[in-house]
Amino acid sequence: MNAVGQPLKRKEDPKLITGQGQYTDDLTLPGMLHATFVRSPEAHAKIVSVDVSAARERPGVSAVYTIEDLAGACGPMPMAWVPPGVEVKTPERWPLAKDEVNHVGEAIAMIVGSSREVVADAAEDVIVEYDPLPVVTDPEAALLPDSPLVHPDLGTNKTHEWSLGGGDIEAALGEADVVIERRIVNHRTSGAPIEPRAALADFRAGELTMWSATQVPHFVRLFMALLLGMTEERVRIIAPDVGGGFGAKLQFCAEEILLGWASQKLARPVKWTETRSEHMAVCHHGRDQIARVRLGAKRDGTLTGIHAKILADLGAYYGILTPAIPSLGGFVMTGVYRIPAVQTDVVGVFTNKYFTDAIRGAGRPEATHMIEVCMDQLAQELGMDPLELRRRNFIPKEEFPYATPYGVVYDSGDYEGTVSLLLEHFDYEGFRREQTALREQGVYRGVGFSTYTEICGLAPSRATGPAGFGMQAPGWESAAIRVNITGGVTVYTGTSGHGQGHETVFAQIVADRLGVGPELIDVMHGDTATGPMGLNTYGSRSMAVGGEAIAKATERLAEKCRKIVAHALEAAAEDIELADGLFRVRGTDKGMALAEVSGLAHVRPELLPEGMEPALEERFFFDPENFVFPFGAHACLVEVDVETGKVEVLRYLAMDDCGNPLNPLLIDGQVHGGVAHGIGQALYEQIVYDEYGQLVTGTFVDYALPTAAEMPTFETDRTVTPSPVNSLGVKGVGEAGTIAASPAVLNAVIDALRPLGVDYLDMPATPMRVWEAINEGGASRSRHRQPGRKAGEPGPRSSSTPESG
Amino acid sequence: EPRTLLVHTLRDTLGLTGTHVGCDTSSCGACTVHLDGEAIKSCTMLTVQADGREVTTIEGLAGADGTLHPLQEGFWERHGLQCGYCTPGMIMAAADLLARNPNPTEEEIRHGLEGNLCRCTGYHNIVRAVQYAVEQTGART
């Protein structure tokens with residue numbers, strides 16, 4: 001039986017369910033010091049003075065550093081996007097504030113001492129004098145001529161403009177019978193892995209080892225080396241067990257470089273673990289876009305064009321990818337639809353907030369939300385069923401590979417297939433009948449759909465590299481495989497899993513190609529000193545790029561095995577087949593198990609074919625020809641309590657297609673978590689700053705992660721449309737749920753509330769926002785009387801109520 | 001230090017790092033342990049308050065011979081964890097739930113775990129894991 005395709009239980013789990021995992025904060029070293037940071041309570045201010053004298057004198061404090069101590073030791077923080085032909089205004093960001101602060105939480109001083117308590121107390125001793133500057137937090141206001149400037153030296157708050165299009169958008173919208181226009185706010189969120197960031201740096205004998213709770217140890221090694229003026233082989237980054245990432249750990253952090261530098265300076269290991277409050281304030285945020293979307297169609301529903309003008313609030317500085325993220329949405333702005341003209345225009349803006357960067361989906365959830373919410377809005381305008389409007393415009397299965405008007409080529413798809421599957425699980429007509437009947441009883445239910453595709457498997461280097469999209473990084477992935485003398489297998493991947501189950505599913509890939517069980521295969525990741533250089537985990541790339549590299553490396557190794565066996569058994573290499581756990585001579589019972597082949601290759605190399613190298617070890621570097629494009633059809637059913645505004649998710653159905661399923665258990669898990677992330681954004685989660693730039697949602701008390709009580713049971717199923725881009729036929733699945741979910745939820749809420757006069761709503765659909773929308777809609781409809789208020793009496797105004805066209 | 005929290009004593013002094021810290025507001029439950037048999041958030045208790053009382057952490061849940069607790073089995077069997085960071089707290093909270101209510105409904109499981117946050121699983125398989133433990137426990141008694 002093949003291992004691939006089986007719902008194999010995870011190899012990762014035994015240690016994690018017994019408390020034997022090793023996360024960064026679990027680690028200690030002899031002589032280890034602790035670090036903390038003094039952070040700005042001001043959102044925008046000149047730093048007049050910093051008095052660290054009392055802190056330095058506190059017993060147990062080893063050092064207190066400010067930017068002056070750092071002078072010349074390391075450069076400003078890097079940003080890796082240099083798009084050809086686009087000017088990106090780039091402010092310098094130093095690991096510690098220089099002269100001024102531009103957001104709440106900006107680090108001003110680093111304190112290193114003997115214990116967590118000592119450095120916390122010493123942080124209280126630091127006296128910083130600020131001269132407050134005007135603050136801007138509203139991205140639209142930030143572009144007005146009289147706005148305060150976040151970086152006056154750059155002369156503007158506009159960071160850059162970027163466009164991608166195909167077809168004549170104005171002509172296309174001119175030909176439409178109906179054009180809807182919506183202003184869609186996709187609010188700021190936090191990645192919020194349950195493990196906060198942490199790092200432990202140990203500089204000794206000229207070499208730096210750092211354990212870090214990161215998704216990207218290989219990037220961190222490169223940046224640490226560059227900034228500290230070291231060569232890479234002297235820097236080793238280890239991502240041990242990592243407690244979730246969701247993009248929040250796809251970053252090179254100021255704290256990391258400071259820890260490395262401090263460890264060198266003090267000749268002691270130094271550890272820092274962020275508090276949750278720090279995470280909410282200074283671990284990069286996601287989303288935060290205001291889009292004006294126009295979608296045009298003929299009266300029969302045929303789409304003519306979509307134009308998205310995106311204003312992206314990037315915050316005060318850049319992380320490694322900040323300004324590039326909104327553009328990723330532009331790559332899928334046609335969604336799953338055949339639209340002749342598609343245009344995406346991005347404008348970035350600085351505000352006095354923390355910077356945004358990649359959070360699960362990164363640009364694609366925003367684009368999908370725009371498209372799928374607008375499809376429902378258009379259906380309403382046309383008087384058509386929203387699912388019928390979608391089906392009428394699907395790119396047909398026969399047209400793949402499908403070239404979008406803007407040049408991106410979708411690899412494979414069968415959008416009708418996932419919708420058909422959805423309707424097998426969901427009685428749509430029955431729901432509509434029930435919905436109507438329940439409304440008579442004052443029960444408001446709604447259904448929302450989201451038919452999506454996304455671009456992942458980052459990335460074909462030629463498409464995303466310096467000459468393409470402008471990333472100063474390639475997109476390939478590495479794999480190395482070694483059969484040990486006694487027949488066990490060690491596999492090295494350049495991806496860096498942090499909960500996905502790589503150790504299990506990569507072992508499945510190898511098992512089938514070598515005729516051994518997955519339990520004999522050990523997958524190593526997250527350590528830059530073992531295995532070849534890799535490019536880490538993000539952008540749903542690990543399987544489609546990293547998994548393929550492993551498959552190819554294993555096939556190289558299997559080919560060598562076949563030659564060895566053929567030589568030993570005096571057969572032709574092409575006659576050696578893998579069967580019953582043996583490399584066997586076809587049509588005979590003669591063969592050798594992997595352990596025998598390995599023993600021969602390592603211990604008796606003189607018996608190998610003439611000229612063959614001893615040992616059994618291969619590697620492969622895979623650079624894909626194209627991205628992969630998972631897709632699916634999701635439906636969300638909600639009930640809204642119109643008296644409280646509370647939305648309850650009754651059912652959530654996710655029909656996805658991620659190509660060939662290698663481990664269905666893991667795929668479902670990724671979909672569940674991804675959908676929960678999207679429901680969280682749609683209903684509960686929001687990073688809020690007030691007009692003074694103060695962070696209002698600085699803890700898990702204010703930032704409402706969904707709990708078990710709010711989440712429904714997820715109903716999942718799959719179609720299988722293999723990708724032609726890799727031999728495994730796989731696409732990604734880590735971000736798909738998040739990309740699909742938010743419009744399904746929001747469309748459902750709007751669908752429930754239409755009889756109450758609500759035809760549009762922005763996320764998050766919190767009880768307050770929904771109640772206000774009902775009461776504004778209801779104010780013009782006397783029959784929808786609200787408790788405690790006379791019919792016709794105006795409800796409270798909401799500053800967050802969007803305008804809609 | 002008199003102000004040392006129980007979770008820090010467990011982790012830093014006793015080396016029992018299976019109990020985790022995920023927030024600073026008693027919201028996430030990653031630090032859940034049992035105190036005299038009942039689940040508590042060990043980030044919200046001073047070590048001195050636990051003086052003379054019995055603390056059980058995730059490290060103490062499996063049998064002495066290494067036999068997994070039915071909940072540990074359930075989390076493994078039903079893919080109830082991904083990154084694993086919330087898992088020890090989630091298991092300890094679920095054990096407390098089952099001690100008080102050996103045969104909970106799905107609704108009761110979901111509400112019983114409200115004080116523990118997970119970002120990976122969407123809770124679906126955590127609920128299944130607890131149900132697995134309920135079934136196993138029922139089958140064994």
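Modeller: Two strands pair if DSSP finds at least two bridges between them. Helices (H or I, at least four residues) and strands (E, at least two) are DSSP runs, numbered from the N terminus.

Colleague: What makes strand 1 and strand 2 of chain B a pair?

Modeller: Strand 1 (residues 32-35) and strand 2 of chain B share 4 bridges in the antiparallel sense, and at least two are required, so they count as paired. One bridge links B:Thr32 to B:Lys41. Before going on: the model is predicted, so local features need pLDDT of at least 70 and side-chain atom pairs pLDDT 80 or more, while totals for chains, interfaces and linings use all residues. Residues are numbered from 1 along each chain as its sequence is written, and chains are lettered from A and ligands numbered from 1 in the order in which they are written.

Colleague: Why are strand 2 and strand 3 of chain B said to stand at the edges?

Modeller: The open antiparallel sheet of chain B has 3 strands in the order 2-1-3. Strand 2 (38-41) and strand 3 (55-56) each have a single partner strand, so one side of each lacks a neighbour in the sheet. Helix 3 of chain B lies across strand 1 and strand 2, at about 40° to strand 1. That angle is taken between N-to-C directions, from 0 to 180 degrees, with axes fitted to C-alpha atoms and, for helices, over the stretch in contact.

Colleague: How do you know that the radius of gyration of chain B agrees with a compact globule?

Modeller: The globule rule is 2.2 Å times the number of residues to the power 0.38, and the radius is taken over C-alpha atoms. For 141 residues a compact globule would be near 14 Å, and chain B has 15 Å, which agrees. The C-alpha trace of chain B spans about 45 × 30 × 25 Å along its principal axes.

Colleague: Which residues of chain B and chain A are in contact, and how many?

Modeller: Contact requires C-beta atoms, placed from the backbone, within 7 Å. By that test 43 residues of chain B touch 44 residues of chain A. Helix 2 (70-77), helix 3 (87-100), helix 4 (106-112) and helix 5 (124-140) of chain B each supply at least two residues of that side. By class, the side has 20 nonpolar, 16 polar and 7 charged residues. Ala, Val, Leu, Ile, Met, Phe, Trp, Tyr, Cys and Pro are the nonpolar class, Asp, Glu, Lys and Arg the charged one, and the others, Gly among them, the polar one.

Colleague: Why does B:Tyr123 count as buried?

Modeller: A residue is buried with 20 or more other C-beta atoms within 10 Å of its own, exposed with 12 or fewer, and partly exposed in between, the C-beta atoms being placed from the backbone. B:Tyr123 has 29 such neighbours, so it is buried. B:Tyr123 sits in the loop between helix 4 and helix 5 of chain B, and its phi is positive, near 75°.

Colleague: What makes A:Asp99 exposed?

Modeller: A:Asp99 has 9 other C-beta atoms within 10 Å, so it is exposed. Its phi is also positive, about 70°, although it is not a glycine.

Colleague: Why is A:Ala529 called partly exposed?

Modeller: A:Ala529 has 13 other C-beta atoms within 10 Å, so it falls in the middle class. A:Ala529 lies in the loop between strand 21 (521-524) and helix 16 (542-569) of chain A.

How values were computed:
Two residues are in contact if their C-beta atoms, placed from the backbone, lie within 7 Å.
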